[in-house]
Amino acid sequence: MTRRTPWGLLLIAVALAVPALGSRFYTFLANDVLIWALFATSLNLLVGYTGLVSFGHAAYFGIGAYTTGILMKKFGLSFLLAFPAAGVLAGGFALVFGFFCVRLTRIYFAMLTLAFAQIVWAICFKWNEVTGGEQGMPEIPYPSLDWMGRLPLLGSLRTSDHFYLVSVVLVTVCLWLLRRVVGSPFGRMLTTIRENAERAEFIGVNVRRYELAAFVLAGAFAGLAGGLFGIFNRGVFPDFAYWTKSSEVLIMTLLGGMGTFYGPALGALVLILLNQQIVSYTEYWPFVLGTILIVLLFVFPGGLAGALGTAARRLRRAT
Amino acid sequence: MLEVRGLRKSFDGFLAVNDASVRVAKGQIAAIIGPNGAGKTTLFNLITGHLRPDSGAVVLEGRDITGLAPHDVCRLGMGRSFQRTNIFPKLTVFQNVQAAFLSHRGRGCDLWSRVDELYREETEGLLASLGLGERAGEISGFLSHGGQKQLELGIALASEPSLLLLDEPTAGMSVTETRETIRLVERIARERGLTLLFTEHDMEVVFSIAQKITVLHQGRIIADGPPADVRADPEVRRVYLGEL
Amino acid sequence: MPDPSFIFAQSVSGLTAAMFLFLIASGLSLIFGVLRVLNFAHGTFYMLGAYAAFQFMVWLGPGRGRFWLAALGAAAAVALLGGLVERLLFRRLYGAEELYQLLFTYALVLVLGDAAKMIWGTQQKSVSAPPELGGKALSLFGATIPYYNLFIILLGPVIALAFWLTLQRTRAGRFIRAAALDRETLGALGVNVDALYTWVFVLASFLGGLGGALISPMRATTPGMDTEIIVEAFVVVVIGGLGSFWGTFFGALIYGQVLSFGILFFPRFSIFAVFALMAAVLIVRPWGLLGRPLK
């Protein structure tokens with residue numbers, strides 16, 4: 001009997017080894033991918049598992065980023081407090097916004113998520129005193145990571161590498177938590193809502209309450225991703241919450257395949273790497289992305305992970 | 001067990017259910033029949049909480065459940081199957097029924113345990129008693145129509161109801177499938193001491209197992225009693241024969 | 001308290017903005033009502049209308065009547081594009097999940113938006129107002145209203161009325177309304193629903209493109225105007241009621257006034273105000289002013 005390949009551990013090992021390549025660029029890319037993978041997976045909790053399509057998920061990403069940014073830059077709070085605070089605050093807003101959103105369905109739900117996200121954006125854009133307004137908040141400090149310099153093997157690395165390793169750990173923990181959630185009875189209840197909300201009601205599922213719970217969880221993890229991103233990006237800006245950011249993460253989720261847990265993360269990887277490649281040849285990245293999407297829509301409705309999954313199944317059947 | 005008092009429901013001026021009153025005793029097998037559009041499904045929806053009545057009351061085991069949300073009604077011991085097959089298509093047969101157990105036994109708040117092995121015994125047992133034991137791993141959306149209806153019954157039963165509402169359980173089935181389903185339903189009702197209330201178009205089915213029949217016509221109840229009485233009732237004959 | 005003439009001027013500016021929004025939002029509403037999809041690319045059609053108007057003006061040169069020719073030409077070009085997109089691409093997605101249809105319209109935003117950048121570059125383009133109307137202004141209640149603005153304010157209701165009459169009185173209009181209610185039955189009655197969908201898309205694109213062309217003398221044509229306007233159009237359609245024609249008209253009016261008075265009294269939070277209004281409508285009365293109430 002063959003042992004199942006520990007893909008998860010392999011990936012973590014690979015991720016941890018990236019700084020060893022010595023390239024600032026690769027570490028930067030990998031960090032970007034990690035954060036977006038978390039962001040996209042959090043959205044998938046809503047879209048893929050509960051069947052709720054949100055057009056305003058970037059709101060929580062932005063709230064998380066601003067929370068961490070403001071706490072660390074303006075109040076000098078440590079990352080240990082500022083990071084969880086991002087999740088808590090984002091989750092809190094998700095609770096308030098979500099309460100109203102889950103009372104609606106489908107297109108109205110989507111529109112309200114969009115409205116709330118634009119409200120968040122508008123506040124970030126205009127509230128100069130707190131959020132820095134249109135200019136945003138540049139120069140968010142790194143958390144104090146000197147202690148990492150004293151660890152074996154890590155002494156020679158830069159601060160950005162240290163932060164990257166912290167990201168790896170944090171994102172892995174978050175993804176692991178999300179994995180537990182979707183594999184739990186609660187997660188199964190969410191899929192029943194996606195499959196058939198009417199039927200779910202009549203096995204005793206209070207659909208609205210579960211949807212709200214999913215909304216809050218998704219928002220909280222998006223906030224955590226945002227908290228990381230603000231530091232990674234060395235600055236927090238209002239466009240973190242703009243609707244086009246919401247559509248970017250939604251595309252990653254759909255591209256990677258919302259039917260699987262790791263699909264969105266794969267989508268993030270592919271999209272970011274593709275972006276990097278294309279941008280070196282042409283400035284017309286949106287054109288390329290749009291064309292790819294259209295082609296994929298007509299050929300692979302299940303997204304990349306769906307296509308890979310089908311291919312894998314066919315291979316298994318053949319061997 | 002179940003008492004419906006004076007239910008009324010209008011849609012945009014159209015009176016779908018007009019002063020309906022029904023009583024179903026514990027352990028009884030009761031049927032609601034009537035021509036198409038008589039208001040049977042609306043009545044069901046009023047009883048299960050999917051619709052709010054304009055006036056009237058629904059009482060389950062002495063408890064007023066009028067206007068309660070469907071998930072609360074379900075938790076109070078009512079199970080239901082739907083006219084158009086309502087299952088969880090992308091989940092497997094096993095997962096469909098397991099979900100009902102999970103919800104009923106209050107595991108929905110559990111965000112930590114791994115779900116796959118929970119309630120395996122109960123689920124497989126229930127599937128076996130329905131004849132779906134071997135299909136447990138199949139994706140339920142690919143089941144035949146009859147299989148899906150059986151699965152729906154399974155989902156309803158997994159909520160361990162004391163009153164089971166079946167909306168046209170044999171719709172779209174062949175003669176053999178119908179007979180099998182009815183035998184199955186009757187056996188299960190007997191084994192579990194369930195009270196059963198169902199609607200049907202197939203008169204053979206109705207008269208073979210129902211102990212009490214209520215006839216609905218244009219939203220009003222025009223007859224209510226044992227099968228023999230209902231069969232002999234002149235207005236019932238008029239309504240049905242007049243339809244031909 | 002700002003003086004009355006200033007308030008009046010703001011109100012007029014709000015009216016003008018409302019008419020443009022009405023043009024775009026009505027196309028959006030039409031597509032949603034009949035095809036049941038929220039067309040993210042509608043803002044891009046608007047932008048392409050503006051660019052096309054610019055291009056036609058370049059080709060035609062200045063002169064009397066050229067602007068109107070350019071505007072109509074632009075609208076027609078965008079309409080043609082819309083028809084092609086529907087016929088060749090969008091049609092294939094009708095059976096697919098709504099989400100994938102939405103994704104397609106967003107992909108169009110990416111592709112067409114960048115295409116505009118490729119063709120016209122990123123610098124602002126401007127179109128001069130038609131000489132018949134440009135330069136002259138009306139003095140009313142102490143405010144100065146350019147003739148072009150007046151034209152737009154009058155054109156809006158004219159188009160609304162013409163559109164409404166078409167929907168109510170003509171055969172095609174009746175088919176459109178029927179398709180919005182029940183496309184299957186319509187198909188069963190022998191109506192060529194496929195062709196109807198294409199024409200709906202064409203008409204909606206025409207309106208969007210016309211809006212863009214007509215606004216080009218008033219606002220600079222730049223990339224990014226598509227993503228800006230589409231969200232505004234969403235707000236209008238939500239306030240008025242998704243799928244309702246007059247709802248879109250009044251929704252646009254309300255939006256215009258809220259925006260202009262928001263800028264007047266709460267300049268920092270005017271953008272906040274419109275989205276707060278959108279959220280409020282969705283929370284309290286999701287079907288908007290004149291939409292069909294939800295179940």
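The radius of gyration is taken over C-alpha atoms, and the globule rule I used is 2.2 Å times the number of residues to the power 0.38.

**Setting up.** I am working with a predicted model, in which local features need pLDDT of at least 70, side-chain atom pairs count only at pLDDT 80 or more, and totals for chains, interfaces and linings use all residues. Residues are numbered from 1 along each chain as its sequence is written, while chains are lettered from A and ligands numbered from 1 in the order in which they are written.

**Chain C.** I began with the globule rule: for 295 residues it puts a compact globule near 19 Å, and chain C agrees because its radius of gyration is 19 Å. Along the principal axes, I found that its C-alpha trace spans about 60 × 50 × 35 Å.

Next I looked up the helices and strands, which are DSSP runs numbered from the N terminus (helices: H or I, at least four residues; strands: E, at least two). Chain C has 11 helices and two strands, and I read its pattern along the sequence as α-α-α-α-β-β-α-α-α-α-α-α-α.

I then checked burial, where a residue is buried if 20 or more other C-beta atoms, placed from the backbone, lie within 10 Å of its own. In chain C, 49% of the 295 residues count as buried. For contacts, I asked that two C-beta atoms, placed from the backbone, lie within 7 Å. Taking contacts in chain C between residues at least 6 apart in sequence, I see that 76% join residues at least 24 apart.

**Chain B against chain A.** Here 29 residues of chain B are in contact with 21 residues of chain A. On the chain B side, helix H2 (70-75) and helix H3 (93-104) each supply at least two residues. The largest share, five residues, comes from H3(B).

**A sheet in chain B.** I noted an open, antiparallel sheet of four strands in the order E2-E1-E4-E5 (chain B). Its edge strands, E2 (14-24) and E5 (63-64) of chain B, each pair on one side only; strands pair if DSSP finds at least two bridges between them. Two bridges join E4 (residues 55-60) of chain B to E5(B). Which residue of E5(B) is the bridge partner of B:Val59? I found B:Asp64.

**Domains of chain B.** The domain bounds come from an automatic or database assignment, which gives domain 1 (1-77 + 162-244) and domain 2 (87-160) of chain B. Their centres, taken over C-alpha atoms, are 26 Å apart. The contact takes nine residues from domain 1 of chain B and eight residues from domain 2 of chain B.

Definitions and conventions. A residue is buried if 20 or more other C-beta atoms lie within 10 Å of its own, exposed if 12 or fewer, and partly exposed in between; C-beta atoms are placed from the backbone.
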